[in-house]
Amino acid sequence: MSPHPWPYATAPDAAPPLDADRLILWLARHQWRTLLGGVLFGVPWMLSIALVPAAIGKAVDDGLVARDPRALVTWAAAIMGLGLVSAVTTNGRHWFAVRNWLISSFRTAVVTERAVRRAGPAVTRQMPAGEVVTSFASDFWRMGEVFDVTARLAGAIVSFIVVSAILLRGSVLLGVIMLVGGPLLLASLALVVRPLHRRQQAQREEAGQLTALGADTVAGLRVLRGIGGEDTFLARYAAQSERVRLAGVRLSPVQATLDAAQVLLPGIFVVVVTGIGAHLAVGGEITPGQLVAFYGYTAFLTMPLRTATEFVDKLTRTRVAARRIVKILAIEPDHAPAGRTSGDLLVDGGTPVVDVSADLVDPASGVVVVPGQFTALVSADPEDTAQIAQRLGRLLPGRHGVRWGEVDLDDLPIDRVRSLVVVSGADPHLFSGPVRDALGGADDAAREVAVHVASASDAIDSLDGGLDGELEERGRALSGGQRQRLALARAVLRDPEVLVLVEPTSAVDAHTEARIAQRLAARRAGRTTVVVTASPLLLDTADTVLFVQDGAATATGRHRDLLRTHPAYRDVVLRGED
């Protein structure tokens, strides 16, 4: 049984090309079977409709005019047969059209999701989060629009050629008008497509900025309310909304022109071909049946011509969406794939073997984390110690030379680093869903232990259903301290070789902080733990405290010893108090 419920939604291992047109071709190449299936139904579907006027014309000439009942019945049966073929093939054509649309849309979503996971934090540094959300919300579906119309386009091309050949046999003049006039009228759409593409792109850019503004505001809503910034945000949002509206207004005349062309161009053919056909019939150059057939052809030709203009429209929309998606695919991750090292500490495939009993060293600051100890980092500038924590967890772009024993952390695969070192930031995120899923872990017993260590039982109890209770997005129904303690429980539950915590108790009261400090030290006894903090309660439980000044470790010792011997450390920890 396939591991995926719908195997066509999976993406090939090969990365898609970083070009909009090539991305579309890449998608087509990887679903050529279903595209071909659509063509095999789309061509006979439209041909069966195209040949109905010819059968009607024959019924008129051979049956009615010639007063031959057998011929009339024969051609009536032919018309019925064409109708049956059309009914059967239209179902198959529509099935493949929807399937092609969904396959291309979901495959685009899969490769983009892989690119986002691969790039990690680099995504939101190079693109607003709202832009990424907009692509997932709308661009993927537009990627499928052009594949939805391919079956009908194939039928339109074949039927146009067949009808042109039939008209050539009946009247060279009408055949030439078809073969020459049709392509010329379609070529005139180029006058509309270029400005349409530019204005669709501009409208998409403005809409993406509006979504990004909304997403950023929701993320900082508490801060906005705290400083009374609602009116400022409202003014900015209204201004951006107006820019989106104006972009849509500029787009609408060009879009309307293309939509009108879907009616106008076939209408021109109806008038021209019908008028010339009537003139030929009056002059006796064509039969009454041919005149009826020619009129039927002009009525039918609205389908292939409208299909062609629809394809141009959808291709333009798809190219706009593809350009947005390519921007996401082009984002490079902070860390390149790991390569081989010069040492002998390698396993199969070139991955260095990490000696977890060795020191973890950050040469930029001189910080040495001794394995199995509870180490605290203190600085007058919290940004300095936060950056050390990020380097220890390899969260910053580039190579920083952090070494774990004889292994350079930059040479490890990033997923290996993430499994060994867990960094919980100062502002951790909680995802919506059941608390049990948000915490992770294998069983409820382990979750309860982690919740106890983080003193987060009140946060669980405040939700209906306990561990089965639903967390709202970012845990906004909880207080800041409750969110912080749940995030701490989640980090403790991971139980990594190295746990790095950045200001894990900054939003809790002193009594709760004291409990957390004692429980955390007991729980992580014998495991490597690094805490960035200036809290005396946490510092007092640490085995080693490193004092960082100007980004470099300048003093090492126990908390109480540093308080007694290091004035600068005392000023930072006691905040100038005696």
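The following legends describe close-up views of a predicted model.

**Figure 1. Confidence along the predicted chain.** The protein chain has a mean pLDDT of 82, and 87% of its residues reach 70 or more. Over residues 1-5 the pLDDT is below 50, and this stretch has 2 contacts in the model beyond near neighbours in sequence. Residues 338-349 also stay under 50 in pLDDT, with 20 contacts beyond four places in sequence.

**Figure 2. The aromatic pair of Phe547 and Tyr569.** This edge-to-face pair has its ring centres 5.6 Å apart and an angle of 90° between the planes. Phe547 belongs to strand E11 (residues 544-549) and Tyr569 to helix H23 (residues 567-574), so that the pair links distant parts of the chain, 22 residues apart. Both Phe547 and Tyr569 are buried. The structure holds 5 aromatic pairs.

**Figure 3. Aromatic residues and a charge over a ring.** One aromatic cluster is formed by Phe41, Trp95 and Phe96. Arg93 places its charged end over the ring of Trp45, at 4.4 Å from the ring centre.

**Figure 4. The surroundings of Gln31.** Gln31 is found in the loop between helix H1 (20-29) and helix H2 (32-50). With a relative accessibility of 3%, Gln31 counts as buried. Its side chain reaches the backbone oxygen of Asn100 at 3.3 Å. Leaving aside residues up to four places away in sequence, Gln31 touches Asn100, Ile103, Ser104, Arg107 and Phe147.

**Figure 5. The salt bridge between Arg319 and Asp21.** The side chains of these two residues meet at 2.7 Å, N to O. The pair links distant parts of the chain, with Arg319 in helix H13 (residues 302-329) and Asp21 in helix H1, 298 residues apart. Arg319 is partly exposed at 24% relative accessible area, and Asp21 is partly exposed at 35%.

**Figure 6. The salt bridge between Asp410 and Arg394.** The side chains of Asp410 and Arg394 meet at 3.9 Å, N to O. Asp410 lies in the loop between strand E5 (407-408) and helix H15 (414-420), and Arg394 in the loop between helix H14 (382-392) and strand E4 (403-404), so the pair ties together parts 16 residues apart in sequence. Asp410 is buried, with a relative accessible area of 7%, and Arg394 is buried, with 4%.

Figure 7. In the bridge between Asp468 and Arg436, the closest N and O atoms are 2.2 Å apart. Asp468 counts as exposed at 51% relative accessibility, whereas Arg436 counts as partly exposed at 21%. Elsewhere, a network of salt bridges links Asp148, Arg152, Glu310 and Lys314.

Notes. Residues numbered from 1 in each chain as written. Predicted model: local features only at pLDDT ≥ 70, side-chain atom pairs only at ≥ 80, totals over all residues. Heavy atoms only, no water. Phe/Tyr/Trp six-rings, centres within 6.5 Å; stacked < 30°, edge-to-face > 60°. Helix = DSSP H or I, 4+ residues; strand = E, 2+ residues; numbered from the N terminus. Buried < 20%, exposed > 50% of the residue type's maximum accessible area, 1.4 Å probe, protein only. Lys NZ or Arg CZ within 6 Å of the ring centre and 35° of its normal. pLDDT = per-residue confidence, 0-100. Contact = heavy atoms within 4.5 Å. Polar contact = N/O pair within 3.5 Å; in protein donor to acceptor, adjacent residues only side chain to side chain. Salt bridge = Lys/Arg side-chain N within 4 Å of Asp/Glu carboxyl O.
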